[in-house]
There are 4 protein chains.
Amino acid sequence: MSEKVGFIGLGIMGGGMAANLVRAGFEVTVWNRTASRMAAVTDLGASAAGSAREVAERSSVVLICVSDTPDVVAVTEGPDGILAGLAAGSVVVDHSTISPSETRRLAALAEEAGGSWLDGPVSGGSEGAELGTLSIMVGGEASDLERVRPYLEAMGKTITHTGPVGSGQMVKLVNQVLVVVNMLAASEALLLAEAGGLDLDATLSAVTGGAAGSWMLANRGPQIIARDWRPGFTVDLQQKDLRLVLEAADELGVPIPGTALVFQLYRAVQRRGLGAEGQHALVKALEHMAGVKVGEAPR
Amino acid sequence: MSEKVGFIGLGIMGGGMAANLVRAGFEVTVWNRTASRMAAVTDLGASAAGSAREVAERSSVVLICVSDTPDVVAVTEGPDGILAGLAAGSVVVDHSTISPSETRRLAALAEEAGGSWLDGPVSGGSEGAELGTLSIMVGGEASDLERVRPYLEAMGKTITHTGPVGSGQMVKLVNQVLVVVNMLAASEALLLAEAGGLDLDATLSAVTGGAAGSWMLANRGPQIIARDWRPGFTVDLQQKDLRLVLEAADELGVPIPGTALVFQLYRAVQRRGLGAEGQHALVKALEHMAGVKVGEAPR
Amino acid sequence: MSEKVGFIGLGIMGGGMAANLVRAGFEVTVWNRTASRMAAVTDLGASAAGSAREVAERSSVVLICVSDTPDVVAVTEGPDGILAGLAAGSVVVDHSTISPSETRRLAALAEEAGGSWLDGPVSGGSEGAELGTLSIMVGGEASDLERVRPYLEAMGKTITHTGPVGSGQMVKLVNQVLVVVNMLAASEALLLAEAGGLDLDATLSAVTGGAAGSWMLANRGPQIIARDWRPGFTVDLQQKDLRLVLEAADELGVPIPGTALVFQLYRAVQRRGLGAEGQHALVKALEHMAGVKVGEAPR
Amino acid sequence: MSEKVGFIGLGIMGGGMAANLVRAGFEVTVWNRTASRMAAVTDLGASAAGSAREVAERSSVVLICVSDTPDVVAVTEGPDGILAGLAAGSVVVDHSTISPSETRRLAALAEEAGGSWLDGPVSGGSEGAELGTLSIMVGGEASDLERVRPYLEAMGKTITHTGPVGSGQMVKLVNQVLVVVNMLAASEALLLAEAGGLDLDATLSAVTGGAAGSWMLANRGPQIIARDWRPGFTVDLQQKDLRLVLEAADELGVPIPGTALVFQLYRAVQRRGLGAEGQHALVKALEHMAGVKVGEAPR
């Protein structure tokens, strides 16, 4: 018999995730700061609550998917937050990408309240949220993960237990370092190819399959060449995640000069008003410096 | 009926490549600056010449595989070089990784001598050279490539025509930008994972299959965790190729700040006497700054 | 007739500054979180209060000199903070180096309480604090500055009005960008000189007076050559200020890649346990990478 | 009694330097690749030669001031070069900024020819060349320097003996590291000041005199604020010198990540067609990324 599930945060990601929970037949109570966004999932059969606290009061498993660390803090603490309504024995799963150290602080508060906390940041973009094909990196007690696994499986395809509380967030930050520095690699490579007069499609097919290959090159490379800037993941969200990465690296004393460089370059993209474009718009920061655009030479 | 094939340069790469040509049944004449290295292939049936010029005199297809731009210049120009012995209608294929602009100069000289020039840098490491599984990126006339294709197929698995003379070298440089910046990504990511107390194997398996994935992460990541520094490709060779990349980017006016950063970091690895280790020893430059080693925390 | 002056924060900087106020004949009330540090100034004639609020209750001009943004917030807000005791018409001057945007928030709170706020970060180090030769960069109303000028002149030699509230902090951050990137310049230059076998003293005297000159080169260069790491300003404090710089640049959307690089390099110095050394220990991050130490070659 | 002096290279720098030698009463023979440029100094009383070799044949002291390493090689070696005409006992002084290692090679050739070589790169710009106020950094034998000192004093104000042959060039490269990284510091600082809404003149006057001060800030800062891009030293020449710096650092194994970053940023300035502007146009690379121009906000 399944538990009553709560879901807080119905944005681009959370909306699709909550819908998949409802479609899988679970009894779901939702809340979103902007109330109008609840209609899409209540139309599918979810019931709406009046606050995060009320979601917690009505559920034994509470899922969160909001934007950033302060948002998770806001829906968790305070008189109308989750902790104010959390029953002993309940589990909170935070699918937002936030600070690992702040995650550990919130988990301790949940434990004091008699509940438990899993961090479960996701990757796979809004498309993955809609199709239920997300990757979910889960930190916390293995037994808690087993308990909530049926709900996670309604939303994601790959569920990885990464270790203790906070480790899911840390793995996600590691993931983001790879994503952006691989993106930098693809950007510099394509710009050199362009300036060197190469046939870009032939170049991609010559290098993608070997030691130079990456998901970013294979998937965002063709988008760059086609100058298609539709986002899988936006520049603005990427920068928000990089702030978390840089903050964690600072706390841990780890030098990450490549990531720090990308953060500065993305800022140039944002300043040109392109923060809502896809993360591969990174190349525009370099194009601008070079006075050359990938894919625009006559061939 | 096959042509007489010459091969100049029997180092780590060239030795295996020439051996594969002989094993495939072609009539091969070889020359190497250090004469003792010729024994391995003459034992297989190749004949030894006394100079690069003599190789050219005896062959209608001359393959080169030496270290760097000045080495190719040395075996091509001068009284004992290939051009001094090249018959009209012969083809030179340079498998070394060298400067694209110098390649175009040498190709013009070969044309003046009545021959033609293909640049055919390879990737796949010494293992690929031995097994005949190299990727070969070929710049030059398509008809010349068709003529030499049987010999290239004895040495490589993937033969890509990249465009006019010099384009093979340029694609190779693009490849190297990707290789080293993806390596930087893997290094920073693993260091953050280590300092963040993550289970490294679990982290790799959580991120390698998704948007963060790359050949470098999948193949060199486990080597780093195991602290196995045996080279597929050495730090010293990587730096030599990066000098070509930086030189080409300077000629073309393209800013590649990420690649420039890696070049500075690899220098720190070389200064510690680790230039003969694999390219993944890049992580040691960062480890040293962090005072943390990937894979050495008690777990 | 002078006003009653309060002083909160008697650390390395604040201790000397408060002592100079007392010596100048002003009536001073002090408070410090660690009470034992108050003795040095009460011995000179200051009176001790039991809280920041009590300082505010007893004074019409309240000076603050603590470490970082959260420390200023802590002594300003809350039941025992300055604002709880501030009389209408009083002026607060914050000599700490903190966030410009947080400064503006606190200034608005002070105004709501009927008082006013000046930000007055200082430069000149602990020596300047003791000798009363600090430079003080003051943001806020010119009339408020005129009112407190006699007290600032007891502590500093150069008092500059920089503009509205927050501008003093912003000028200080600009100052810190210059300080650290000039320090990077001196570090790379001296390392190149060392590796190039130059006579370091002769090199310094050849370049310091011309277009290459800077305060850092002239003052910290000889210290580096002598391997004298005593701090004017420590690495740890420098990093704390750089965090403020990076945060402000992020808020303002300004790319500062050089400063971002220095921040990563200083981290390597901190990781080696050298955070209490002087800011010129930056060179050690590069020395370590180079395997060469400035000033240690036999000459 | 003074010797016969030859001068090779009458460009922006050499033209003024040779004129000062003539005006000081020395007997001067000149040669310049573009013959028309010789008129200005022959009008003053110098005599023109037909080649660098002829200059050497007619002089016992031969001064060179050309653009780059290959230019010095071109006027030194070959059938019409200095060495072909150099009498035993003659001294060559190279005032160009070129490679230290190539300098040592040329000095050895001069010695074989029975002469000697001093490297004497200058700083002070075209204005210093005209006014005779250059700084000259001289590497080589002290006795050779004493012999040529009267001629150097006709051209420069500060003559520093830096050590053995090549050390003058190395000190010049150290100088250039300082110049460009201090320029980066000034650029990032002014951009932060601009974006932070500061009064730029007040900011400069608050920080220039203290620990943040540098020649670049004091002299180029006001030019940047006034958007006056007239060169003391052009971006293109700066890049040419940085190539020498990066090459020397590579040979010596020294990581100079800050200088490497500036080199990438200057490239962006060159790509925008601004290579003939002053070195302080570096700020434009960052302005472009930031979408903000220093000194253009309404104030």
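The area buried between chain A and chain C is about 1200 Å², and carbon and sulfur atoms give 47% of it; buried area is the accessible area, found with a 1.4 Å probe, that two parts lose on being put together, summed over both. Within the area that chain A buries against chain C, Asp250(A), Gln264(A) and Arg267(A) supply 46%, more than any other three residues. This is a predicted model, in which local features need pLDDT of at least 70 and side-chain atom pairs count only at pLDDT 80 or more, while totals for chains, interfaces and linings use all residues. Residues are numbered from 1 along each chain as its sequence is written, chains are lettered from A and ligands numbered from 1 in the order in which they are written, and side-chain values use heavy atoms, with hydrogens and water left out.

**Chain A and chain C**

- On each side 15 residues take part, since 15 residues of chain A are in contact with 15 residues of chain C, where contact means heavy atoms within 4.5 Å.
- Between chain A and chain C there are 4 salt bridges, a salt bridge being a side-chain nitrogen of Lys or Arg within 4 Å of a carboxyl oxygen of Asp or Glu.
- A salt bridge joins the side chains of Arg267(C) and Asp250(A), with 3.5 Å from N to O.
- On the side of chain A that touches chain C, α12 (235-252) and α13 (257-271) of chain A each supply at least two residues, and α13(A) gives the most, with 6 residues; helices (H or I, at least four residues) are DSSP runs, numbered from the N terminus.

**Chain A and chain B**

- Chain A and chain B bury about 4300 Å² between them, with 78% of it on carbon and sulfur atoms, and 49 residues of chain A are in contact with 49 residues of chain B.
- The count between chain A and chain B is 0 salt bridges, whereas 8 residue pairs are in polar contact, both at pLDDT 80 or more.
- Several helices of chain A give two or more residues to the side that touches chain B, among them α9 (167-195) and α10 (200-207), and the largest share, 20 residues, comes from α9(A).

**Helix α4 of chain C**

- In helix α4 (residues 69-76) of chain C, the residues Thr69(C), Val72(C), Val75(C) and Thr76(C) are buried, where buried means under 20% relative accessible area, exposed over 50% and partly exposed in between (1.4 Å probe, protein chains only).
- Seen down the axis of α4(C), these buried residues fall within an arc of 135°, so they line one face of the helix; the arc is that of the directions from the helix axis to the C-beta atoms.
- The face of α4(C) turned away from its buried side carries the exposed residues Pro70(C) and Ala74(C).

**Glu102 of chain A**

- Glu102(A) is found in helix α6 (residues 100-112) of chain A, and Glu102(A) is buried, with a relative accessible area of 18%.
- The side chains of Glu102(A) and Arg105(A) are joined by a polar contact of 2.7 Å.
- Leaving aside its neighbours within four places in sequence, Glu102(A) is in contact with Thr69(A) and Val73(A).

Terms used:
A polar contact is a pair of N or O atoms within 3.5 Å; within protein, one must be able to donate a hydrogen and the other to accept it, and residues adjacent in sequence count only if both atoms are side-chain atoms.
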